[in-house]
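Please study the sequence and the structure shown below before reading on. The paragraphs that follow lead from the overall division of the chain to single residues.

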Amino acid sequence: MAKARDSLEPGTMLDCYRIVDTIGKGGFSLIYLAEDDETSDQVVIKEFMPKRLARRRGDGRLMPVDNKQREALYRSRRLFFQEAKVMASLHHPHIVAVVNMFIRNDTGYIVMQHERGRNLGQFVHERGGKLSTTLMMRIFVPLLDALKTMHARAMLHLDVKPGNIHLRNGHDPLLLDLGAAQVLTVGGSTASHVITAGYSPPEQYRHGGKLGPWTDVYAVGASLRCCMEGKTPQPAPDRLSEDAVVPALERFADIYPRWLLQLTDEAMALDAERRPGDAGEMLAVMLHHRDAGMRVG
Ligand SMILES: Nc1ncnc2c1ncn2[C@@H]1O[C@H](COP(=O)(O)OP(=O)(O)O)[C@@H](O)[C@H]1O
Ligand SMILES: [Mg+2]
């Protein structure tokens, strides 16, 4: 990948890890491939680096772009540490595992096990969608189980999309990027600092919108749709003014089973109350039809 502005040079030592390359850059972080200098294990390191708020000094440390941004930078850094804590507290075979975290350069680092494989977002766009029902089940059953674990602990992922799903060997999915994750407080509604057009439901755009497990459900529905259609669905605010999303039941009749199309449409309902309530509910539908299918076949 082309060198990102402000990314650390290959060879840089961070704790016991040697940077090999920059493999990703988002609005809030840089992602590096690195190697444990002692064990030679490959790891992925996520560095907190919000590009609108901070820049790197010559000595590697982060500083606010200007004095006005100092407070925002600290607040954003606290959220990043929250992500690290959430990730480290979750132990699930389909949620990326945190192996270490530390503070250096006036910023935070999350160290994850490096997983071979590929990104579902890239895979789907290359194939132009059209994933088979079998493959979608192989991806979404474990993924929904991972989200069910989060929802059971009153946690929301809030940034589910194909780009945050990693496919290991045999298309074994891994849920990545808990950068937007939140623990629900009593009262429910929380502000979200991350929005992804096409995957975020209406309530995530609204100030004071009521977020809940149904918010992740919409994103899972939009992800299912993307696996069929090969493109990101119309963003929720545009759907509210003129919904151009033809129901999957019409658009993909004869291609996918009726129950899967119906589940996708229900999950993508603009009205949160019409969606399945949480990941567990969606999972139950999938398991029911998978097992029924096996009995028939
Ligand atoms: N543990 C990992 N193993 C392999 N690749 C990873 C890992 N974590 C992240 N990546 C790759 O880096 C990309 C960005 O990671 P992500 O956590 O989504 O960060 P961002 O906040 O920049 O979106 C992912 O889409 C994936 O391709
Ligand atoms: Mg991401």
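Which domains does the domain assignment of the chain give? The assignment gives domain 1, covering residues 13–113, and domain 2, covering residues 118–291. The model examined here is a predicted one. Between the C-alpha centres of domain 1 and domain 2 there is a distance of 26 Å. The two domains touch, and their contact takes 11 residues from domain 1 and 15 residues from domain 2. On the side of domain 1 that touches domain 2, helix H1 (residues 70–89) gives the most, with 4 residues. Sorted by class, this side of domain 1 has 7 nonpolar, 3 polar and 1 charged residues.

The next topic is the interior. In soluble globular proteins, nonpolar side chains tend to be buried together. In this model, the largest nonpolar core has 71 residues, and those that touch the most other members are Leu 143, Leu 144, Leu 175, Val 220 and Met 282. Helix H5 (residues 213–229) supplies the largest share of this core, namely 10 residues. The core draws at least three residues from each of the two domains, domain 1 and domain 2.

Which residues does Met 282 touch, leaving aside residues up to four places away in sequence? With that exclusion, Met 282 touches Leu 144, Val 217, Val 220, Leu 263, Ala 267 and Pro 276. Two of these partners, Leu 144 and Val 220, also take part in a contact between helices H3 and H5.

Two packed helices are described by the angle between their axes and the distance between the axes. The axes of helix H3 (residues 133–152) and H5 come within 12 Å and cross at roughly 170°. An angle over 145 degrees counts as roughly antiparallel, and H3 and H5 are therefore roughly antiparallel to each other. From H3, the contact is made by Met 136, Phe 140, Leu 144, Leu 147 and His 151. From H5, the contact is made by Pro 213, Asp 216, Val 220, Leu 224 and Cys 227. By class, the residues of this contact divide into 8 nonpolar, 1 polar and 1 charged.

Several loops deserve attention as well. Arg 206 is placed in the loop between helix H4 (202–205) and H5. Arg 206 counts as partly exposed because it has 15 C-beta neighbours inside 10 Å. From C-alpha to C-alpha, Arg 206 and Pro 237 are 9.7 Å apart in space, and they are 31 residues apart in sequence.

Lys 130 lies in the loop between helix H2 (120–127) and H3. Although Lys 130 is not a glycine, it has a positive phi of about 60°. Asp 177, in the loop between strand S12 (172–175) and strand S13 (182–183), is likewise a residue other than glycine with a positive phi, near 60°. Are Lys 130 and Asp 177 buried or partly exposed? Lys 130 is partly exposed, because 14 other C-beta atoms lie within 10 Å. Asp 177 has 23 other C-beta atoms within 10 Å and is therefore buried.

Ile 103 lies in strand S7 (residues 98–104). Because Ile 103 has 12 C-beta neighbours inside 10 Å, it counts as exposed. Ile 103 and Met 136 are 33 residues apart in sequence, and their C-alpha atoms are 39 Å apart in space.

Terms used. Residues numbered from 1 in each chain as written. Chains lettered and ligands numbered in written order. Predicted model: local features only at pLDDT ≥ 70, side-chain atom pairs only at ≥ 80, totals over all residues. Core = buried A, V, L, I, M, F, W, Y, C linked by C-beta atoms within 7 Å. Buried ≥ 20, exposed ≤ 12 C-beta atoms within 10 Å, placed from the backbone. Helix = DSSP H or I, 4+ residues; strand = E, 2+ residues; numbered from the N terminus. Domains from an automatic or database assignment. Contact = placed C-beta atoms within 7 Å. Axes fitted to C-alpha atoms, helices over the stretch in contact; angles between N-to-C directions. Parallel < 35°, antiparallel > 145°, perpendicular 65-115°, else oblique. Nonpolar A, V, L, I, M, F, W, Y, C, P; charged D, E, K, R; others polar.
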